[in-house]
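Please open the model in your viewer and keep the sequence panel beside it.

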Amino acid sequence: MSSSTDVIERTESVDPPPARSASWPALRPLVLRLHFYAGLLIAPFLLVAATTGLLYAASYQIEKIVYSHELTAPPGGPSLPLERQIAAARAAHPRAPITAVRPAAEPGETTRVLLDVPGLPASTQLAVFVDPSTAQVRGSLESYGSSGALPVRAWISHLHRNLHLGEPGRLYSELAASWLWVVALGGLLLWVGRKRRKGTRLRRLTTPERGVAGRRRVLSWHGSIGLWVVVGLVFLSATGLTWSKYAGDNVDRLRTTLGWTTPSIATGGEHGAHAPSAGGGHQHGGGDVGPDRVTAAAAGRGLSGPLEIVWPAKPGEPYLVKESDKTWPQRLDQVAVDPATGQVRAELRFAGFPLAAKLTRWGIDGHQGLLFGLANQIVLMLLAAGVITMIVLGYRMWWTRRPKLGGYPRGGWRGVHWAVLVPFALVAVGVGYFLPLLGISLCAFLLLDIVLGRVLAGRRG
């Protein structure tokens with residue numbers, strides 16, 4: 001019986017392959033080896049990203065349960081003027097400037113008054129929840145980011161984004177997002193190519209094989225699940241990279257160059273914290289019409305809830321009223337309202353956004369689980385569960401054949417015709433430059449492959 005070392009040396013042979021070919025059989029060993037290395041070494045990062053992503057997709061429902069007291073109000077009469085609701089929040093925190101207000105969008109919800117409180121983390125404000133029918137404060141919580149994530153969801157969000165390690169921790173998620181599409185598309189090529197070679201029908205391509213056992217059964221489940229989730233994984237990879245550090249900067253520069261940036265409304269200045277008067281309005285030289293008149297002006301231009309009213313940063317600057325309904329169909333129109341006259345100064349309609357800006361908005365909201373509400377969140381959880389399952393199955397396959405490393409021969413690229421290999425290499429260099437962590441890790445894989453080849457060659461010598 002031959003030893004494991006003998007088997008490794010035979011499977012790792014670098015003898016000249018058959019004549020170069022541009023066909024799939026010649027390209028398959030190269031894709032297979034890349035898929036193997038990426039799956040083996042990047043899978044831990046993908047596993048963490050998928051697990052935390054599954055938790056994040058469920059965090060919206062978790063948030064509603066954990067903070068039901070603050071988010072909901074007992075059935076009552078009609079809503080009081082917004083001015084009175086804001087005054088109640090101001091009374092609870094008299095020294096904190098108002099930055100924005102999110103009026104209750106539906107009966108049974110609370111109004112959220114956002115305050116700029118010193119000492120809170122970056123992108124975090126204090127949200128005061130007010131019963132709209134009684135103006136009673138039902139509690140206050142930290143609110144993170146533009147989505148208004150409350151502490152539980154914010155904690156899960158940071159876990160998914162950077163493992164609570166700050167900027168260095170973002171490298172894990174960027175590495176996972178950079179390789180996810182490569183692993184997914186490579187696996188698709190291998191699975192479809194394998195089935196076509198065997199003349200498999202569509203049903204057997206999309207469902208696990210019956211009556212098989214061992215590694216073949218594991219491979220069948222691994223490939224079938226991958227086929228079902230591949231589109232979703234490519235989508236998550238592409239949208240996830242927009243939040244990354246290095247690739248995200250490249251994406252921003254590309255969007256700016258191509259004119260794909262999201263338009264902004266002309267308000268006459270940046271919005272930020274401002275110290276309102278005791279009544280909740282502002283003390284400007286020409287007076288202030290107050291949030292109720294501002295909301296009425298926005299409603300007159302067709303804006304409806306849920307709304308966010310952003311307070312002016314300086315005297316004379318307008319209120320910014322934004323629709324914040326990110327479910328489909330989205331309502332994301334904005335108007336700037338003069339604080340002295342209550343007249344609309346400017347409008348920005350989502351329908352007029354460039355297509356690229358709309359696609360960006362839809363992609364981000366779909367990645368976050370907002371675009372289709374609960375259905376979107378369920379799909380994200382299923383995708384995450386699919387990734388976790390495939391990783392477990394992939395490691396299972398590797399473990400059962402680890403003495404051999406069979407099927408992953410070195411030097412597979414030498415059988416690929418130059419007409420395919422050269423463009424493939426150029427694309428890899430370009431993608432590696434645009435996605436730096438992908439490029440660096442790919443070079444590391446090639447170096448590892450060379451080292452392993454030298455080690456095995458030394459043993460043969």
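The pLDDT is the predictor's confidence in each residue, on a scale from 0 to 100, and a contact means heavy atoms within 4.5 Å. This is a predicted model, in which local features need pLDDT of at least 70 and side-chain atom pairs count only at pLDDT 80 or more, while totals for chains, interfaces and linings use all residues. Residues are numbered from 1 along each chain as its sequence is written, and side-chain values use heavy atoms, with hydrogens and water left out.

**Colour by confidence**

Then select residues 1-18, where the pLDDT is below 50 and where the model has 29 contacts beyond near neighbours in sequence. Residues 270-285 also stay under 50, and for them the model has 51 contacts beyond four places in sequence. Where pLDDT is low, the predicted coordinates should not be read in detail.

**The whole chain**

Switch to a cartoon view, in which the chain has 14 helices and 8 strands; these are DSSP runs numbered from the N terminus, with helices (H or I) of at least four residues and strands (E) of at least two. Buried residues make up 45% of the 461 residues, where buried means under 20% relative accessible area, exposed over 50%, and partly exposed in between, with a 1.4 Å probe and protein chains only. Of the contacts between residues at least 6 apart in sequence, 65% join residues at least 24 apart.

**The largest nonpolar core**

A nonpolar core is a set of buried Ala, Val, Leu, Ile, Met, Phe, Trp, Tyr and Cys residues joined through side-chain atoms within 4.5 Å. Select Ile-42, Leu-46, Trp-179, Val-229, Leu-233 and Phe-445, which touch the most other members of the largest such core, a set of 40 residues. Helices H2 (24-66), H6 (170-197), H8 (214-241), H12 (374-400) and H14 (436-460) each supply at least two residues of this core, and H6 gives the most, with 10 residues. Centre the view on Leu-46 and, setting aside residues up to four places away in sequence, you will find Ala-176, Leu-180, Val-387 and Ile-391 touching it. Apart from this core lies another, of 26 residues, which includes Leu-115, Val-294, Val-321 and Val-337.

**Two buried serines**

Staying in helix H2, select Ser-59, which counts as buried because its relative accessibility is 0%. The side chain of Ser-59 reaches the backbone oxygen of Tyr-56 at 2.5 Å, and beyond its neighbours within four places in sequence Ser-59 is in contact with Arg-153 and Ile-156.

Ser-220 touches Trp-191, Thr-207, Pro-208 and Glu-209, not counting residues up to four places away.

Select helix H10 (residues 290-300), whose buried residues are Gly-290, Pro-291, Val-294, Ala-297 and Ala-298. These residues lie on the same side of H10, because they cover an arc of only 135 degrees around the axis, the arc being that of the directions from the helix axis to the C-beta atoms. They pack against helix H4 (82-92) and strands E5 (307-310), E6 (319-323), E7 and E8 (344-348).

Which strand holds Val-337? Val-337 lies in strand E7, which spans residues 334-337, and it is buried at 0% relative accessibility. Its contacts beyond four places in sequence include Val-294 and Ala-297, as well as Pro-318 and Val-344. The C-alpha atoms of Val-337 and Pro-318 are separated by 5.1 Å, although the two are 19 residues apart along the chain.

**Backbone features in the loops**

Most residues other than glycine have a negative phi, and most peptide bonds are trans. Select Leu-163, which has a positive phi of about 60 degrees, in the loop between helix H5 (151-162) and H6. His-164 is placed in the loop between H5 and H6 and has a positive phi near 60 degrees. Both are partly exposed, Leu-163 with a relative accessible area of 30% and His-164 with 38%.

Finish at Pro-329, in the loop between E6 and E7, where the peptide bond from Trp-328 to Pro-329 is cis, with omega near -5 degrees.

Conventions
A polar contact is a pair of N or O atoms within 3.5 Å; within protein, one must be able to donate a hydrogen and the other to accept it, and residues adjacent in sequence count only if both atoms are side-chain atoms.
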